[in-house]
Amino acid sequence: LNIRRQINVGNDWNDSESSKLWLYNLHYFDDLNAEGSDFRHDLHVEFIERWIKENPCLLGNGWEAYPLSLRLVNWVKWLRRTGVNNQSFIDSISIQAQVLCWRLEHHILGNHLFANAKALVFVGCYFKGYEADRFLNIGLKILEEQVLEQFLDDGGHFELCPMYHSILLWDLLDLINLAQVSNNNRLKAIMPQWMKLSAKAINWLKIMQHPDGEISFFNDSAFGIAASPHQIYDYAESLGIPEITVEKLGLVTLLDSGYSRIAIAKHVLIFDHASVGPDYLPGHAHADTLSFEWSVGRQRVFVNSGTSVYGVSDERLRQRKSAAHNTVVIDNEDSSEVWSGFRVARRAYATLIETSEFDGNVCIKASHDGYTRLKIPLVHTREIDVRCDCVIIRDSLIGAYGSAKAYFHLHPKITPEQVAPDEIRLTNVAGDLNLLFKSGRRCRFIKSTWHPKFGESQCSHKIEVIFDSKILETTIHAF
């Protein structure tokens, strides 16, 4: 999270000056199984002993269900891998698992409930006897329901965040690994289903990544929280999941998720014509409907803002708003009413209208109804025409409006230069990129920020184009 603090006394585990997210990560114990962890073995033993001593049962952040779940998996993995046989550690795992059974996050659902179930399955395989069977039964029953609920037919996780998709895909791979190493008959029976689903989920991830090998930033997404795509693919290969090959050129549409990837020549565009997520669980959604991201070669050019904070703050809200994404803002309203830290009120529903491929060019058209809630209802339609040497974006507004602005956020390595009232030249530091952004209206670039990681803000620019009619055509030429 790029924030350093000292843990000197027992109260520091629940320090009120630290964010909830930072304290949660403290209680996860992810470092037990991180790279180079064998060289920190003594430190890990010390911290486990401290955690048990300084976190009395049911008191503090560490006993909430989500950090409980992640810590249980980490402790079981670590004990299994290191061969440590410490009865106090083992007794603590048993107590923590019992508490987790009482605190299952049925009220939150989604990735939280999935993590709860995974933890109970891990503990159920680690122990033997009646208690182990109880943990395993509860965990597998939840997984049986949630795997079908949370993964769409196209392989995507239903919260529609590439970062959370990666987290849940890693969870699936962990469960497959557990089935293989534990030789548990119940897990082995369900393993083929998990492997088939993992293959589809890997395919989804490959479609949603940029040529630089990292995830795209739709909804709550950032680098460094989930395993990287490369790490995930290596893990899957080690478990015997067949390598997935994605079409390198042309159009690929994830119909259930609502994303499309267009690859032509040296550039790749990913287009969001998705819902904000499941209606009952939009907590990680941004107001980014009809936004897109675009790379030329391995260089990202247009990017969504990313995510650097959670919690309830002005900055958290700003990063979720439509103006922080490559889309259109009407009357200073958002396409979906994001509010608080993880809330969405009235939200946009998108419709994929048509797609076409002809002579190496791809055209895709979609609309959303997020602005029909305004005093004078309005529908935003976006058509993206991707060709070998340019991208053409046509935005149409059906209905009246007071003000309308289109935003195009630039990666920090992209330098803008105004060359005409309606033209901006885009170059990169390496000097191998030369693009011309041309709008049918006056445009300007202004300072902005990009947030590739939690706790990190990089200076960047965004282009603003103000509508003076109901149609705006923007062309980005490559030279």
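Predicted model: local features only at pLDDT ≥ 70, side-chain atom pairs only at ≥ 80, totals over all residues.
Local features were taken only at pLDDT of at least 70 and side-chain atom pairs only at pLDDT 80 or more, whereas totals for chains, interfaces and linings use all residues. Residues are numbered from 1 along each chain as its sequence is written, and side-chain values use heavy atoms, with hydrogens and water left out.

The largest nonpolar core holds 83 residues. A nonpolar core is a set of buried Ala, Val, Leu, Ile, Met, Phe, Trp, Tyr and Cys residues joined through side-chain atoms within 4.5 Å; buried means under 20% relative accessible area, with a 1.4 Å probe and protein chains only. Within this core, Leu173, Leu187 and Trp194 touch the most other members. Helix H7 (residues 162-182) gives the most to the core, with 11 residues; helices are DSSP runs of H or I of at least four residues, and strands are runs of E of at least two, both numbered from the N terminus. Apart from this core lies another, of 40 residues, among them Val301, Leu374, Ile414 and Ile463. Contacts of Trp194, defined by heavy atoms within 4.5 Å, include Leu140, Leu143 and Val147. Trp194 also touches Leu172, Leu175, Ile176 and Leu187, when residues up to four places away in sequence are not counted.

Helix H7 has 21 residues, of which 16 are buried. From its first C-alpha to its last, H7 reaches 30 Å, close to the 30 Å expected at 1.5 Å a residue; the expected span is 1.5 Å times one less than the number of residues. Just after H7, Asn183 takes a positive phi of about 60 degrees.

An open sheet of eight strands has the order E9-E10-E11-E12-E19-E16-E15-E14, and its pairing is antiparallel. Two strands are taken to pair if DSSP finds at least two bridges between them. Strand E9 (350-358) and strand E14 (414-420) are the edge strands, each pairing on one side only. Inside the sheet, strand E16 (residues 434-439) is joined to strand E19 (residues 471-478) by five bridges in the antiparallel sense, and Ser439 has Thr474 in E19 as its bridge partner.

Further antiparallel pairing involves strand E18 (residues 458-466), which is linked to strand E13 (residues 404-409) over five bridges.

Technical notes: Buried < 20%, exposed > 50% of the residue type's maximum accessible area, 1.4 Å probe, protein only.
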